[in-house]
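I opened my notebook for a structure I had not looked at before.

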Amino acid sequence: MIARRVALLVGLGVLAGCVTAPYPTAVLPSYGASVTLDPARQSIIQTAYVFASPGSMAGRPWEAAQAISEAEFLAVELNYGQRWIEMSPLVKQAFVQARPEWRGALGIDLAAPPQAVIDAFTLLRLAYGAQDAAAAAAALQPPLFTPGGAATIARLADLPPLPRTAWAASMAQDEMWRMQNQGSRGDDWE
């Protein structure tokens, strides 16, 4: 009897090892007094604006870091969040396909988990808020960022146009408005 239970447990352990990992997750941080009731909607609107006019972030690496964090978040949220089931699959894939563009421009490891990128950029933003340049540079270290530190901050301060990213953000905003106008699962659109 014990041998059968052991065999069953071993079998279940083998099966558990065969199960694929759960889908990726990404969460944007809340910033103290700043309350965002709908981070997905805010991220869609914000990325559509800033990537359409990348010059608006020139010399403001903390804002570029926020925009990239929001794009990382959307690449996960739009594909796995239940709220976005009715969104066009083309829009959902647009952020995933644009990810190598922004990661390449900033020297972010292509295999890095989205949450690791978001967390590093959150530390950078907090360091800028505290006017701590050393902590800002320390937030962006290899192997996640190459070359890292001040060099990555310089890239953020002079972010080049990212046309695939801008296109993905624009499509997501258009699709969000379409869904809102059609009343698709939008019980909390406002």
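This is a predicted model: local features need pLDDT of at least 70, side-chain atom pairs count only at pLDDT 80 or more; totals for chains, interfaces and linings use all residues.

I looked up W62 to begin with: its relative accessibility is 31%, so W62 counts as partly exposed (buried means under 20% relative accessible area, exposed over 50%, partly exposed in between, with a 1.4 Å probe and protein chains only). Residues are numbered from 1 along each chain as its sequence is written, and side-chain values use heavy atoms, with hydrogens and water left out.

Next I asked how many aromatic pairs there are by the rule. The rule pairs rings of Phe, Tyr and Trp (its six-membered ring) if their centres lie within 6.5 Å; planes under 30 degrees apart count as stacked, over 60 as edge-to-face and the rest as tilted. I got 2 aromatic pairs. In one, the ring centres of W62 and Y128 are 5.2 Å apart with planes at 45°, so I wrote the pair down as tilted. W62 sits in helix 3 and Y128 in helix 5 (residues 114-129), so far 66 residues apart, and the pair links distant parts of the chain. Y128 is partly exposed too, at 29% relative accessible area.

Then I checked F121 and F145: their ring centres are 5.3 Å apart and their planes stand at 55°, so this pair is tilted. F121 is in helix 5, while F145 is in the loop between helix 6 (133-138) and helix 7, 24 residues apart. Is F121 buried or exposed? F121 is buried, at 0% relative accessibility, and F145 is buried with a relative accessible area of 0%.

On to S43, which I found in helix 2 (residues 39-52). Helices here are DSSP runs (H or I, at least four residues), numbered from the N terminus. S43 is buried at 1% relative accessible area. Leaving aside neighbours within four places in sequence, I noted L28, E70, F73 and L74 in contact with S43 (contact means heavy atoms within 4.5 Å).

Last, I looked at how helix 3 (residues 61-80) packs on helix 7 (residues 149-157): the angle is about 85° and the axes are 8 Å apart. That makes helix 3 roughly perpendicular to helix 7 (65 to 115 degrees). P61, A64 and A65 of helix 3 meet I153, L156 and A157 of helix 7.

Conventions: Axes are lines fitted to C-alpha atoms, for helices over the stretch in contact, and angles run from 0 to 180 degrees between N-to-C directions. Helices (H or I, at least four residues) and strands (E, at least two) are DSSP runs, numbered from the N terminus. Angles under 35 degrees count as roughly parallel, over 145 as roughly antiparallel, 65 to 115 as roughly perpendicular and the rest as oblique.
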